[in-house]
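Colleague: I would like to go through the terms used for this model and see what each one rests on. Please set each value against its definition.

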Amino acid sequence: MGFLCSGIHSSYANRLLWLASLLVFSFIPTTVAPKPQHILANDPYLDAIPTVHESAVQARRILNISSIATLSTVFPNHEHPAPLENRPRDLDGVPIGLIDYYASCDPIPYEPTILAISIATSFRNARAGSNVTLSLHYHPPIDHPPDDDIYTYSPANLPRFSLIGHIEPVPAPEVRQNGIDHCFFQRHPDATAWRPGNAIHESWWARLVVEQVYWIGGFGDRAYIGWIPVEEWRGVTGKEVEAARLVGEHGYKTEEKP
């Protein structure tokens, strides 16, 4: 009987300790996290988020200051892959994403310029008819100012987007007239070894013709999430891109905290 009573008292004491811990932790200040339903969708009752055009400007800014992205294609439905490809037979229709160089070059800065290597998987797939997606995300500068909010520089809250379209060759006269090779090699000096006509691999200048843009600006309670019309994407001016600043960039304007 004594053993039973001590067990009951012990259980009661454990419950009291559990309740006390809940009370203590409820008073510990924490950073306010976004509501779960608004992490990947916009709050329909919230007006204080960037407009579609402002989001397009941010996306064009990222395209301009970055130069490496993930190029995704789909393996073609070939019953017998080329011998030199040496890929498994069960990859028909399977997507693959690979890192690649790009540059935003005139006269069409909103359609990324790419140095395509014919033997590379992405471009073999593209030439076989695959659509292409180029996925980018923003990296704050290493010397970005600190912030007490743990979500400010959280990768989950930083902007990223995908450009969906197809690859087309850039004609040689256009390359020469607009200095596309100079523009590209400024961003990627090491890539000069693969310029068209090199002795290593067959290569050619290509452009991603953007047909759709999908944008995630951050958490849905503070950033736009959704499709950006391609006309809006193309309509962003060079002045807007140059003037825009992303979180962590020098000159970025932050809201005054109370």
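Modeller: Two strands pair if DSSP finds at least two bridges between them. Helices (H or I, at least four residues) and strands (E, at least two) are DSSP runs, numbered from the N terminus. The model is predicted, with local features needing pLDDT of at least 70 and side-chain atom pairs counting only at pLDDT 80 or more, while totals for chains, interfaces and linings use all residues. Residues are numbered from 1 along each chain as its sequence is written, and side-chain values use heavy atoms, with hydrogens and water left out.

Colleague: What makes strand E1 (residues 68–74) and strand E2 (residues 95–101) a pair?

Modeller: Seven bridges join E1 to E2, and the two run antiparallel. At least two bridges are required, so E1 and E2 pair. Threonine 73 stands opposite isoleucine 96 in E2.

Colleague: How many bridges join E1 to E4?

Modeller: Three, again with the strands antiparallel. Leucine 71 stands opposite leucine 134 in E4.

Colleague: Why is histidine 144 called partly exposed?

Modeller: Buried means under 20% relative accessible area, exposed over 50%, and partly exposed in between (1.4 Å probe, protein chains only). Histidine 144 has 27% relative accessibility, so it counts as partly exposed. Histidine 144 is found in the loop between strand E4 (132–137) and strand E5 (160–169).

Colleague: Which residues is histidine 144 in contact with, leaving aside its neighbours within four places in sequence?

Modeller: Tyr153 and Gly248, where contact means heavy atoms within 4.5 Å. The C-alpha atoms of histidine 144 and histidine 250 are separated by 7.8 Å, although these residues are 106 apart along the chain.

Colleague: How do you know that the span of helix H2 (residues 52–65) agrees with its number of residues?

Modeller: The expected span of a helix is 1.5 Å times one less than its number of residues. For the 14 residues of H2 that gives 20 Å, and the end C-alpha atoms are 20 Å apart, so the two agree.

Colleague: Which residues of H2 are buried, and what covers them?

Modeller: The buried residues of H2 are Ser55, Ala56, Val57, Ala59, Arg60, Arg61, Ile62 and Leu63. Their cover includes E4, E5, strand E6 (203–216), strand E7 (225–228), helix H6 (230–235) and helix H7 (238–243).

Colleague: What share of the protein chain counts as buried?

Modeller: Of its 258 residues, 36%. The protein chain has seven helices and seven strands.
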